[in-house]
Amino acid sequence: MAWIVLVLSGLLETAWAVSLDRSAGFTRPLPSAVFAVTLVASMAGLAYALRDIPVGTGYAVWVGIGAVGTAVVGMVALGESTSLPRLLSLLLVIAGVVGLKIFH
């Protein structure tokens, strides 16, 4: 259960990062509210997962999922670069996250 919560919390990290960008420095109320709610939920899920998963593994997986998710949203929905080096770098992050799970 801890791993499922950790993955969901990583996805929520993507949500709060994107909504933070969309909040325009907290000047737009709806994205600012989405940021606050998803941030708290993401942190709560991480805290729950860390009861059973070592902090180094849990935090690295949480950040990796959030970073890859945010980069993918940026490329797919926000028109950011999809260069080959960027895609290969994201694959390396994914490989690291999978490796942390396998060798946990």
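At what angle do the axes of helix 1 (residues 2-22) and helix 3 (residues 55-77) cross, and within what distance do they come? In this predicted model, the two axes cross at roughly 45° and come within 8 Å. That angle makes helix 1 oblique to helix 3. The crossing in which helix 1 passes helix 3 is right-handed. On the side of helix 1, the contact is made by W3, L6, V7, S9, G10, L11, E13, T14, W16, A17 and V18. Helix 3 contributes T57, G58, V61, W62, V63, I65, G66, G69, T70 and V73. Sorted by class, the residues of this contact comprise twelve nonpolar, eight polar and one charged.

Helix 1 itself was examined next. Its 21 residues should span 30 Å at 1.5 Å a residue, and the end C-alpha atoms are 30 Å apart, so the span agrees with expectation. The buried residues of helix 1 are A2, W3, V5, L6, S9, G10, E13, T14, W16, V18 and S19. Helix 2, helix 3 and helix 4 are included in what covers these buried residues of helix 1.

Beyond its neighbours within four places in sequence, V5 is in contact with G45 and Y48. V5 and G45 are 40 residues apart along the chain, yet their C-alpha atoms are separated by 5.8 Å.

The loop between helix 1 and helix 2 was considered residue by residue. S23 has its place in this loop and, at 0% relative accessibility, counts as buried. When residues up to four places away in sequence are not counted, S23 touches R28, P31 and S32. A24 is found in the loop as well, and takes a positive phi of about 50° just after helix 1. With a relative accessible area of 41%, A24 is partly exposed. F26, likewise in the loop between helix 1 and helix 2, has a positive phi of about 65° although it is not a glycine. Most residues other than glycine have a negative phi. The positive value at A24 likewise occurs in a residue other than glycine.

Helix 3 has 23 residues and reaches 32 Å from its first C-alpha to its last, close to the 33 Å expected at 1.5 Å a residue. Buried within helix 3 are T57, G58, V61, W62, G64, I65, G66, V68, G69, A71, G74 and M75. These buried residues pack against helix 1, helix 2 (29-49) and helix 4 (84-102). Helix 3 is followed by G79, whose phi is positive, near 75°.

The packing of helix 3 with helix 4 was then described in terms of angle and distance. Two packed helices are described by the angle between their axes and the distance between the axes. Helix 3 and helix 4 pack at an angle of about 150°, with their axes 9 Å apart. The two helices are therefore roughly antiparallel to each other. Helix 3 passes helix 4 in a left-handed crossing. From helix 3, the contact involves T57, A60, V61, G64, I65, V68, A71 and M75. From helix 4, it involves R86, L87, L90, V93, I94, V97 and L100. Twelve nonpolar, two polar and one charged residues make up this contact by class.

Helix 4 has 19 residues and reaches 27 Å from its first C-alpha to its last, close to the 27 Å expected at 1.5 Å a residue. The buried residues of helix 4 are L90, V97 and G99, and they pack against helix 3.

Conventions: Residues are numbered from 1 along each chain as its sequence is written. This is a predicted model: local features need pLDDT of at least 70, side-chain atom pairs count only at pLDDT 80 or more; totals for chains, interfaces and linings use all residues. Side-chain values use heavy atoms; hydrogens and water are left out. Axes are lines fitted to C-alpha atoms, for helices over the stretch in contact, and angles run from 0 to 180 degrees between N-to-C directions. Helices (H or I, at least four residues) and strands (E, at least two) are DSSP runs, numbered from the N terminus. Angles under 35 degrees count as roughly parallel, over 145 as roughly antiparallel, 65 to 115 as roughly perpendicular and the rest as oblique. A crossing is left-handed if the near helix is turned anticlockwise from the far one by less than a right angle, and right-handed if clockwise. Contact means heavy atoms within 4.5 Å. Ala, Val, Leu, Ile, Met, Phe, Trp, Tyr, Cys and Pro count as nonpolar, Asp, Glu, Lys and Arg as charged, and the others, Gly among them, as polar. The expected span of a helix is 1.5 Å times one less than its number of residues. Buried means under 20% relative accessible area, exposed over 50%, partly exposed in between (1.4 Å probe, protein chains only).
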